[in-house]
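Me: Got a model open here. Can you walk me through it?

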Amino acid sequence: MPRWKEGWTEEEVEKLRSLAATMPLTLIAKDLDRTFGAVLAKATDEKIKIIVHPRSGRA
């Protein structure tokens, strides 16, 4: 099954929560082997605040 069709495990959500305060979204996505959009969507769903780069305006 393609990775984008897989649901999130509780472990992945917890890792997202712990990394969100320490690194930018692009690096979190790479660490979790998820796309930028998938991580952004999950962070939004879980109401997790993420680091945004001030220069580019991207997360």
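What follows is a quick chat about this model.

Me: What are the ground rules?
Reply: This is a predicted model, so local features need pLDDT of at least 70, side-chain atom pairs count only at pLDDT 80 or more, and totals for chains, interfaces and linings use all residues. Residues are numbered from 1 along each chain as its sequence is written, and side-chain values use heavy atoms, with hydrogens and water left out.

Me: How many helices and strands are in the protein?
Reply: Three helices and zero strands. From the N terminus the order is α-α-α. Helices (H or I, at least four residues) and strands (E, at least two) are DSSP runs, numbered from the N terminus.

Me: What share of the residues counts as buried?
Reply: 27% of the 59 residues. Buried means under 20% relative accessible area, exposed over 50%, and partly exposed in between (1.4 Å probe, protein chains only).

Me: Start with α1. Which residues are buried there?
Reply: Glu12, Val13, Leu16, Leu19 and Ala20. They cover an arc of only 130° around the axis, which puts them on the same side of α1. The arc is that of the directions from the helix axis to the C-beta atoms.

Me: What does the face turned away from that side carry?
Reply: Glu10 and Glu11, both exposed.

Me: And what do the buried residues of α1 pack against?
Reply: α2 and α3. Contact here means heavy atoms within 4.5 Å.

Me: Now α3. Which residues are buried?
Reply: Val39, Lys42 and Ala43, in a helix spanning residues 36-45. Seen down the axis of α3, they fall within an arc of 100°, so they line one face of the helix. Thr44 and Asp45 are exposed on the other side.

Me: Why would buried positions repeat like that along a helix?
Reply: An α-helix has 3.6 residues a turn, so residues three or four places apart point the same way.

Me: What covers the buried residues of α3?
Reply: The cover includes α1 (10-20) and α2 (25-32).

Me: How do α2 and α3 cross?
Reply: Their axes come within 9 Å and cross at roughly 105°. Axes are lines fitted to C-alpha atoms, for helices over the stretch in contact, and angles run from 0 to 180 degrees between N-to-C directions. α2 and α3 are therefore roughly perpendicular to each other. The classes: under 35 degrees is roughly parallel, over 145 roughly antiparallel, 65 to 115 roughly perpendicular, and the rest oblique.

Me: Which residues meet there?
Reply: From α2, Leu25, Thr26, Ile28 and Ala29. From α3, Phe36, Val39 and Leu40.

Me: Which charged end sits over a ring?
Reply: That of Arg34, over the ring of Trp8, 4.3 Å from its centre. The test wants NZ of Lys or CZ of Arg within 6 Å of the ring centre and within 35 degrees of the ring normal.

Me: Backbone next. Where is Asp33, and what is its phi?
Reply: Asp33 is in the loop between α2 and α3. Its phi is positive, about 55°, although Asp33 is not a glycine.

Me: Is Asp33 buried or exposed?
Reply: Exposed, at 55% relative accessibility.

Me: And Lys47?
Reply: Lys47 lies in the segment after α3. Its phi is positive too, about 60°, and Lys47 is not a glycine. Lys47 is exposed, with a relative accessible area of 74%.
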